[in-house]
Amino acid sequence: MAATTATPWGRAELVEELTGRQQAGDKRFASIVQLLETSNGERLVRFSYSTDGVVRRGPVTLRERDVARLRAALAQHPALAEALGI
């Protein structure tokens with residue numbers, strides 16, 4: 001059974017997930033991009049970040065080089081790349 005999560009549009013199934021590790025000084029965290037699908041087939045893209053293994057929803061800030069790494073990693077996540085138009 002695939003993981004499901006709550007969204008403002010109801011429950012959605014996790015289709016793909018991409019995690020980009022980041023560091024600022026001695027702080028380590030990760031940005032997460034998820035492709036979700038609702039029961040009626042609508043696709044949603046969710047951005048979040050995690051610190052100490054705890055996922056947090058809020059502003060996600062990416063440096064230009066993080067965006068480049070994210071774009072490169074999307075080659076391994078074709079459905080997510082398609083949903084982002086990349």
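Which residues make up the largest nonpolar core? In this predicted model, where local features need pLDDT of at least 70, side-chain atom pairs count only at pLDDT 80 or more, and totals for chains, interfaces and linings use all residues, that core has 8 residues, namely Leu18, Val33, Leu35, Leu70, Leu74, Ala79, Leu80 and Ala81. Helix 2 (78–83) and strand 3 each supply at least two residues of this core, and the largest share, 3 residues, comes from helix 2. A nonpolar core is here a set of buried Ala, Val, Leu, Ile, Met, Phe, Trp, Tyr and Cys residues joined through side-chain atoms within 4.5 Å, where buried means under 20% relative accessible area, exposed over 50% and partly exposed in between, with a 1.4 Å probe and protein chains only. Residues are numbered from 1 along each chain as its sequence is written, and side-chain values use heavy atoms, with hydrogens and water left out.

The strand pairings are collected below; helices (H or I, at least four residues) and strands (E, at least two) are DSSP runs numbered from the N terminus, and two strands pair if DSSP finds at least two bridges between them.

| Strands | Sense | Bridges |
|---|---|---|
| Strand 1 (residues 4–7) and strand 2 | antiparallel | 4 bridges |
| Strand 2 (residues 10–24) and strand 3 (residues 27–38) | antiparallel | 12 bridges |
| Strand 3 and strand 4 (residues 43–51) | antiparallel | 8 bridges |

Strand 1 is joined to strand 2 by a hairpin through 2 residues, and threonine 5 has alanine 12, in strand 2, as its bridge partner. In the hairpin of strand 3 and strand 4, which has 4 residues between the strands, glycine 41 takes a positive phi near 90 degrees.

Valine 33 links the two topics, being one of the core residues and also the bridge partner of phenylalanine 47 in strand 4. Not counting residues up to four places away in sequence, valine 33 touches Glu16, Glu17, Leu18, Val45, Arg46, Phe47, Leu70, Leu80 and Leu84, contact meaning heavy atoms within 4.5 Å.
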